[in-house]
Each structure stands twice: as structure tokens, then as C-alpha cells.
Amino acid sequence: MKRLYSYDNYEGDKGIIIADSWEEAVALYKEQYPYREVAETNGQYWNGGCFIEEIDFVTEESRLYTTYEW
């Protein structure tokens, strides 16, 4: 089953990735942003990194997915 991931990078780009695994999501992200580090800490993020977060499994039904909550 496919999974939904959300990304948010240091320069403000945000989006979603649909992939079979975390590794595939990171590889797809790196195709578009090859020099951006996937951050594990706020320091890495603010040093030009990107957060990628697994949101949920993708289902066949119409549905709203909340990717970021403030």
C-alpha cells in the first residue's frame, strides 16, 4: 500500500510525496533537490535542510490529509 509523505524545506518549498517506503520517498525527494539534506533536527533544517514526515497510508477513497498542524 502506498504511503503519503509531506516535505517542507528551508527555502519554503512544501509538497507531498506518494511512495511505497521511506527510502523511496527520500530518493524521490533527492531527484528534485539533490543537494538538500533530510533533517533530523531543527539545526539541520535551518542549515539548508528539509523535513520529510510520514502522514498516512493512501487510500482509494476521497479524503483530506492534514500534513502540518500549527
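Reply: Happy to! Let's begin with a pairing: Leu4 has Ile18, in β2, as its bridge partner. This is a predicted model, where local features need pLDDT of at least 70 and side-chain atom pairs count only at pLDDT 80 or more, while totals for chains, interfaces and linings use all residues. Residues are numbered from 1 along each chain as its sequence is written, and side-chain values use heavy atoms, leaving out hydrogens and water.

Me: What makes β1 and β2 a pair?

Reply: Two strands pair if DSSP finds at least two bridges between them. Six bridges join β1 to β2, so these antiparallel strands count as paired.

Me: Why are β2 and β3 said to stand at the edges?

Reply: The open sheet has three strands in the order β2-β1-β3, paired antiparallel. β2 (14–19) and β3 (50–57) each have a single partner strand, so one side of each lacks a neighbour in the sheet.

Me: Why is Asp8 called buried?

Reply: Buried means under 20% relative accessible area, with a 1.4 Å probe and protein chains only. Asp8 has 10%, so the word applies.

Me: How do you know that the side chains of Asp8 and Lys14 make a polar contact?

Reply: Their distance is 3.4 Å, and a polar contact is a pair of N or O atoms within 3.5 Å; within protein, one must be able to donate a hydrogen and the other to accept it, and residues adjacent in sequence count only if both atoms are side-chain atoms.

How values were computed
Buried < 20%, exposed > 50% of the residue type's maximum accessible area, 1.4 Å probe, protein only. Helix = DSSP H or I, 4+ residues; strand = E, 2+ residues; numbered from the N terminus.
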